[in-house]
Amino acid sequence: MSSSTSSFRQEAKVLAIVAAVLLAGEFAVRGLETRLSRDMLHIRSLPDVATRVAGCRDLRVLFVSSSKVRTDIAPAVVKDVMTDLGAKPLEIERVFPDDTSVIEWYYYLKHYFVDAHCEPDILIVCFADTALQDDRAVHPERLGAYGTGADDIPEVFRDDIGDFGQRTEFLLSKVSCAFANRRRIRSRLLDSLIPGYRGGADRLNAAIRSTGAVAADQQYRVMTKLIDLTRKEDMATLLVAMPTQHGYAIDGRLLSALRSRGVPFLDLRQVDGIGDGQFRDSLHLTEEGATVFSKKLATELMSNYPAIFKKTSPRGSHL
Amino acid sequence: MLFNSYVFWAFFVIVFALYRALPHRGQNWLLLVASYVFYGWWDWRFLFVLAASTLLDYASALWIEKTAAQRRKKLFLILSVCVNLGFLGFFKYYGFLTRELAAALASVGISASLPVLNVILPVGISFYTFNSMSYVIDVYRGQARAERDLLTYSVYVCYFPHMVAGPIQRCKTLLPQIARPRVYKGGEFAEGLYHVVIGLLKKVAIADNLAPVANAVFLADPGGLSGAEVLVGTYAFAIQIYCDFSGYSSIAQGVSKWLAIDLTTNFRMPYFAVSPGDFWRRWHISLSTWLRDYLYISLGGNRGSKWQTYRNLMLTMFLGGLWHGANWTFVAWGTFHGLLLCLYRPFQRREADPASQPQPWPAWKRILAIAVTFHLVCAGWLLFRAESLSQAWTLATLVVTRFHLTPYAVFSLAMIAFYAVPLLAFEAWVERQKDMLSLVRARVWVRGFAYSYVAVMLLYFGPEVAHEFIYFQF
């Protein structure tokens with residue numbers, strides 16, 4: 001046996017130890033996946049949400065957005081106010097994976113609702129700041145593990161993930177739960193180990209993230225794709241601009257794109273009764289703020305779109 | 001194509017598979033093509049600069065060797081050095097010089113309209129230019145033979161593991177390895193793996209995670225910073241630049257080892273240095289020895305009077321600073337280190353590696369010397385990283401005038417401790433062992449544990465944003 005072979009065998013043993021450690025981590029993460037975060041629990045519950053939507057006989061309303069829909073919209077309040085204002089029986093469901101934008105919303109909707117034939121009657125896309133822009137960062141690992149099926153891979157690679165590294169991460173996430181959740185695991189561990197981690201990380205993230213400027217060549221391609229999907233599946237679609245603490249401008253090209261496709265748009269960036277005191281951070285509302293906002297949203301939906309929500313209208317009509 | 005990218009490793013798997021299947025000449029052709037692909041990945045236009053530099057120095061060395069007349073030899077050397085420095089000067093310093101000249105003229109009331117060119121700096125030009133310049137100088141000095149095979153010489157210049165960020169290789173060490181058929185003696189895989197693993201840990205898990213911690217200080221409005229935040233931000237940058245650069249060198253060394261070509265060690269635990277001189281024997285060794293051999297010694301080294309030695313030291317470090325880029329902060333950094341070397345020079349005999357002296361230094365003295373040297377080096381990093389000299393001054397002032405601990409400073413310090421302390425503890429162990437490859441010789445389970453730690457760090461604690469290697473810009 002040559003020394004080269006001997007050396008390689010020695011290293012193979014070393015690599016076997018590394019593989020065993022990583023495998024143990026993989027099994028541990030698979031076992032504890034839903035305990036990693038509230039967001040993970042929500043994502044894992046999406047098939048149940050879709051089943052509820054499919055089984056509902058009332059008007060099915062689905063809110064899609066990032067964590068803002070979780071914190072800012074109180075479904076019970078929206079439903080009660082709308083019912084009081086004469087809405088037909090309705091059920092509200094929400095999809096709100098953390099830190100996501102329109103690219104992820106498109107695939108979550110397609111994967112959990114359209115491909116599973118569980119389409120809602122009305123899709124309300126809530127957004128703030130730059131969430132509808134094409135150049136928003138994608139999380140390939142989350143999209144790979146939770147937002148897409150095998151059938152979606154050609155579309156993802158063709159339209160949304162062109163970078164070799166991101167494609168690799170996307171595919172690795174399809175096979176490894178540990179890989180897909182590595183950022184969550186890091187956040188949880190560092191949160192428990194590093195003093196003041198959340199505040200410090202927020203400061204670092206603020207420095208990394210974009211300033212919210214609109215790219216000159218913004219086409220709103222993904223948002224258009226999302227609207228086309230809902231059209232094809234006979235879902236009514238509505239866009240709502242949500243409030244943030246520091247406010248933001250709405251790009252004229254976005255409004256043109258919505259107008260050209262006949263998609264209604266509700267501008268709720270400014271709502272009476274919501275000021276600095278109603279924000280828990282720069283983006284999310286407090287419980288009190290969420291109640292104010294939910295009431296306003298319900299009222300606006302009823303007054304602007306009675307054709308779809310009022311009792312006299314047929315179910316599933318377009319807005 | 002970055003060493004910390006998936007595309008590089010896909011590229012390397014293909015290159016390695018072909019490499020093992022080819023005969024020696026085929027391996028060299030493969031290395032040439034692979035290196036040009038690797039380099040052209042950034043911008044294919046850079047390939048013309050690389051090819052021109054290669055052909056010029058190949059021909060210059062042959063002419064120098066063939067010519068008997070000393071004057072003509074010198075002429076060819078000057079031609080080669082001037083063209084090399086011309087490339088470097090044009091791409092790296094043209095914008096800086098025109099900007100500074102225009103500012104200087106404006107200050108005396110002359111409005112000059114100098115031609116402005118948006119020159120893209122070819123990645124790693126400083127590294128491969130120094131590589132090929134050293135070759136021509138060595139041939140001129142009679143310390144090396146001119147390489148007749150253009151393929152061998154081209155691979156020497158553009159060999160992809162070290163081309164863009166070093167280590168800068170001398171022709172005496174690298175050319176013979178390329179010219180001769182590669183021999184796998186056993187142990188290459190283990191040693192290469194060690195270098196790659198340590199390099200990835202340094203770059204991906206440590207440098208890229210500490211980059212935002214440092215940036216948050218150096219890109220912030222100084223008005224909102226406390227002295228403690230500046231100090232900790234500077235520590236973060238010290239660790240970041242070390243792990244970034246030595247991580248790159250380590251991966252280069254490991255990848256090259258797998259190709260059965262040895263690259264020189266570029267870093268030897270620099271933050272355990274006991275003096276500035278000791279630091280430069282451990283930091284970017286391939287550049288510091290290059291500057292010593294081709295600049296400091298050419299200027300006269302320490303052969304003249306005491307003051308001439310000081311002048312040579314200052315000039316060498318000044319130019320070493322300028323090599324890093326066209327910015328006054330780099331010049332100030334080089335000059336600062338020159339001053340430190342001059343100030344420490346009277347004590348040089350006494351501070352020569354304490355461990356190798358008949359009576360090693362007591363632990364407290366050694367620790368004190370390491371701490372003092374580290375903080376002096378950090379003062380240099382403050383100059384190096386600052387956006388301008390005035391920012392460096394403002395930040396340095398804050399450390400003295402507005403020093404108080406803030407929650408953010410504690411957070412930053414804890415981040416440094418979490419990411420960097422295990423590496424520093426490992427390096428302290430290697431330092432005690434006096435063997436850079438101690439871990440490769442350790443038991444299987446020890447290596448298994450150590451590599452598992454790295455794998456866990458890479459998997460779970462990778463950065464939010466991958467960063468380019470800092471030294472690519474040089």
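Arg447(B) forms a salt bridge with Glu11(A), with the closest N and O atoms 2.1 Å apart; a salt bridge here is a side-chain nitrogen of Lys or Arg within 4 Å of a carboxyl oxygen of Asp or Glu. The rule finds one salt bridge across the interface of chain B and chain A.

This is a predicted model: local features need pLDDT of at least 70, side-chain atom pairs count only at pLDDT 80 or more, and totals for chains, interfaces and linings use all residues. Residues are numbered from 1 along each chain as its sequence is written, chains are lettered from A and ligands numbered from 1 in the order in which they are written, and side-chain values use heavy atoms, without hydrogens and water.

On to the whole interface. In contact (heavy atoms within 4.5 Å) are 39 residues of chain B and 39 residues of chain A. The area buried between the two chains is about 3,300 Å², with 73% from carbon and sulfur atoms; that is the accessible area (1.4 Å probe) that two parts lose on being put together, summed over both. Tyr6(B), Phe411(B) and Tyr460(B) supply 23% of what chain B buries against chain A, more than any other three residues.

Now the arginine. Arg142(A) lies in helix H7 of chain A, residues 140–147. Arg142(A) is buried yet has no salt bridge, buried meaning under 20% relative accessible area (1.4 Å probe, protein chains only). The nearest side chain of opposite charge, Asp39(A), is 4.0 Å away. The side chain of Arg142(A) does reach the backbone oxygen of Asp98(A), at 2.6 Å.

How values were computed
Helix = DSSP H or I, 4+ residues; strand = E, 2+ residues; numbered from the N terminus. Buried < 20%, exposed > 50% of the residue type's maximum accessible area, 1.4 Å probe, protein only. Lys, Arg positive; Asp, Glu negative; His and termini not counted. Polar contact = N/O pair within 3.5 Å; in protein donor to acceptor, adjacent residues only side chain to side chain.
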